[in-house]
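Biologist: Could you take me through this model, starting from the helices and ending with the pocket?

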Amino acid sequence: MNNESQPFKSLNISILIISDTRTVSSDKSGKILEDRIKESGHILISKLFVKDEPTLIKEEISKILKKKSTHVIISSGGTGLTGRDSTPEVLKEIITKEIPGFGEIFRYISFKKIGTSSLQSRAIAGLVNKTFIFALPGSPSACKDAWDEIIKFQLDSTTKPCNLVELMPRLDE
């Protein structure tokens, strides 16, 4: 539900593609997120590719956070169960407040489409100080579902009864 009396606030969003194999030409998930961010009226301020190495992931996120102009970071990849998947572990080290409902809702949406295979997703979200961060699986379908069913509404200041944007002025209380 939208509240048209509330003005839309455009956010600065960075995308981080976490993969050992994806490149600009082979990255479908990042392109989906990029298109949806722009279509929603937000500003894509960076799109970076990083290998699925905990140290590199943490370094790239730290660089993005130092800019202080980023309101939201969305990562794609590294949330599975294989030995190379390390995104949730990295985020749990740096997140100041977790948003557990994001992962729960994401897996519920995924369950309706892929059944019990959804339990293999370790999608996670939280705050790193005043920056929201969402870690999504690397599949195009997962990125579509996460954006279309959850993130676009929570990053829309006109969504009611509440959204993450309206909390932003109070995040450093």
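Biologist: Which residues of helix H3 (residues 87–94) are buried, and what arc do they cover?

Modeller: This is a predicted model, and in it H3 buries Thr87, Pro88, Val90, Leu91 and Ile94. Viewed down the axis of H3, these buried residues line one face of the helix, because they fall within an arc of 160°.

Biologist: Which residues are exposed on the other side of H3?

Modeller: The buried residues of H3 pack against strand E1 (12–18), helix H2 (54–66), strand E3 (72–76), E5 and E6. On the other side of H3, the exposed residues are Lys92 and Glu93.

Biologist: Within what arc do the buried residues of H4 fall?

Modeller: Helix H4 (residues 100–114) reaches 21 Å from its first C-alpha to its last, close to the 21 Å expected at 1.5 Å a residue. Its buried residues are Phe102, Gly103, Phe106, Ile109 and Ser110. They line one face of H4, since seen down its axis they fall within an arc of 130°.

Biologist: Against which elements do the buried residues of H4 pack?

Modeller: Glu104 and Lys112 are exposed on the other side of H4. The buried residues of H4, by contrast, pack against strand E5 (124–128), strand E6 (131–136) and helix H5 (140–154).

Biologist: How many residues of each class are in the lining of the largest pocket?

Modeller: The largest pocket holds about 290 Å³ of space, and its lining includes Lys9, His71, Asn129 and Met168. By class, that lining has three charged, five polar and four nonpolar residues.

Definitions and conventions: Residues are numbered from 1 along each chain as its sequence is written. This is a predicted model: local features need pLDDT of at least 70, side-chain atom pairs count only at pLDDT 80 or more; totals for chains, interfaces and linings use all residues. Side-chain values use heavy atoms; hydrogens and water are left out. On a 1 Å grid over the protein atoms alone, a cavity is a set of points where a 1.4 Å probe fits but cannot get out, and a pocket is an open set with protein on both sides within 12 Å along at least five of seven lines; lining residues have an atom within 4 Å of a point. Grid points are joined across faces, edges and corners, and a volume is the space filled by probe spheres set on the points. Ala, Val, Leu, Ile, Met, Phe, Trp, Tyr, Cys and Pro count as nonpolar, Asp, Glu, Lys and Arg as charged, and the others, Gly among them, as polar. Helices (H or I, at least four residues) and strands (E, at least two) are DSSP runs, numbered from the N terminus. The expected span of a helix is 1.5 Å times one less than its number of residues. Buried means under 20% relative accessible area, exposed over 50%, partly exposed in between (1.4 Å probe, protein chains only). The arc is that of the directions from the helix axis to the C-beta atoms. Contact means heavy atoms within 4.5 Å.
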